[in-house]
Amino acid sequence: MKKKIAFIGTGVMGASIVKHLLHAGHELTVYNRTKSKTDALVALGARWAATPAEASKGQDIIFTMVGYPQDVEEVYSGEYGVFQTAIAGTIVVDMTTSEPSLAKKLFEIAQEKGIHSIDAPVTGGDIGAQNGTLSIMIGGERAVFEKLQSILESFATNIVYHGEAGAGQHAKMCNQIVIASGMIGVCESMAYGLKAGLSMEDVLKSITSGAAGSWALSNLAPRVLKGDLEPGFYIKHIIKDIKIAIDEAERMNLQLPGLALAKALYEELMERGYGEKGTQALIQYYVE
């Protein structure tokens, strides 16, 4: 069944997801703080709204995908937020990588209003969003997730329910820990190979399909060799995610020294002006 859907946050990944939803025949209303980032989507048939509250009027489902936890709070609970106009029975789906505690808070506020709230952070980067092959980690009521599943399948191929509100965000933290720490291995391997005088194209042929293989090695290492440091996922955002994971780990009395190292390296790159570049820009730590 075709749905009336609002999508708030049409950045690197959000815009591609909207295109898949339009292609599936849904009626889309879009909002982004930078209006120009919605222009191409409006040209494809989406309707533009001036605020999250306006976008949320009369919708069956409201997706949000913004930058930081404070942005999530503003988009939902601010003066022009989703909760100002969303009505009982609406499903709200936050796809931002955010704090598990905030996901629980939104669930409770929504529940008081008769609204169904799902935390659904994604992974797969800009490539996964473009190809419709994202992975989604779900937290919230299972029955609500099951109603959403066919819609999520229009832009994702791996959708896993993890438990009550906040569980999706905890699962995403597991993902971000692997990404942040794993990128150190990818970049150190490349720095070593280049210093040894090897053809890294040939090295990648040898190691991407073996035990060292990973998504980052297959998709981001080739970008590094081309000098392409543009974001599938921003350094400024991985730092945000690392901080959330470290804070959550501390609450659980868990030490993550590898993640602490990744935080230090990425913060140094942030200071050097690489915050708007992709996570693969970590290579600059080794080659500059």
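Reader: Which residues of helix 1 are buried?
Author: The model is predicted: local features need pLDDT of at least 70, side-chain atom pairs count only at pLDDT 80 or more, and totals for chains, interfaces and linings use all residues. Residues are numbered from 1 along each chain as its sequence is written, and side-chain values use heavy atoms, with hydrogens and water left out. Buried means under 20% relative accessible area, exposed over 50%, and partly exposed in between (1.4 Å probe, protein chains only). In helix 1, the buried residues are Gly 14, Ala 15, Ser 16, Ile 17, Val 18, His 20, Leu 21 and Leu 22.

Reader: How many of the ten residues of helix 1 are buried?
Author: Helices are DSSP runs of H or I with at least four residues, strands are runs of E with at least two, and both are numbered from the N terminus. Helix 1 covers residues 14–23. It is mostly covered, and its buried residues number eight of ten.

Reader: Is Gly 14 buried or exposed, and what is its relative accessible area?
Author: Gly 14 belongs to helix 1. Its C-alpha lies 9.7 Å from that of Gln 130, 116 residues apart along the chain. Gly 14 counts as buried, because its relative accessible area is 2%.

Reader: Which residues does Gly 14 contact, leaving aside neighbours within four places in sequence?
Author: Contact means heavy atoms within 4.5 Å. With its neighbours within four places in sequence set aside, Gly 14 meets Phe 7, Gly 9 and Met 65.

Reader: Which residue that follows helix 1 has a positive phi?
Author: The phi in question is near 95°. The residue is Gly 25.

Reader: Where does Pro 52 lie, and what does it touch?
Author: Pro 52 lies in helix 3, residues 52–56. It is buried, because its relative accessible area is 8%. Pro 52 and Thr 64 are twelve residues apart in sequence, and their C-alpha atoms are 9.2 Å apart. Not counting residues up to four places away in sequence, Pro 52 touches Ile 8, Tyr 31, Val 75, Tyr 80, Gly 81 and Val 82.

Reader: How do the axes of helix 4 and helix 5 run relative to each other, roughly parallel or roughly antiparallel?
Author: Axes are lines fitted to C-alpha atoms, for helices over the stretch in contact, and angles run from 0 to 180 degrees between N-to-C directions. The axes of helix 4 (residues 69–77) and helix 5 (residues 100–112) come within 11 Å and cross at roughly 5°. Angles under 35 degrees count as roughly parallel, over 145 as roughly antiparallel, 65 to 115 as roughly perpendicular and the rest as oblique. Helix 4 and helix 5 are therefore roughly parallel.

Reader: Which residues make the contact between helix 4 and helix 5?
Author: Helix 4 gives Pro 69, Val 72, Glu 73, Tyr 76 and Ser 77. Helix 5 gives Leu 102, Lys 105, Leu 106 and Ile 109.

Reader: How many aromatic pairs are there, and why is the pair of Tyr 76 and Phe 83 tilted?
Author: Rings of Phe, Tyr and Trp (its six-membered ring) pair if their centres lie within 6.5 Å; planes under 30 degrees apart count as stacked, over 60 as edge-to-face and the rest as tilted. The whole structure holds five aromatic pairs. For Tyr 76 and Phe 83 the centres are 5.4 Å apart and the planes are at 50°, so this pair is tilted.

Reader: What is the geometry of the pair of Tyr 285 and Tyr 286?
Author: Tyr 285 is partly exposed at 29% relative accessible area, and Tyr 286 is partly exposed at 24%. Their centres are 5.0 Å apart and their planes are at 80°. The pair is edge-to-face.

Reader: What is the span of helix 8 from its first C-alpha to its last?
Author: The expected span of a helix is 1.5 Å times one less than its number of residues. Helix 8 (residues 167–195) has 29 residues, and 42 Å is expected. Its span is close to that, at 43 Å.
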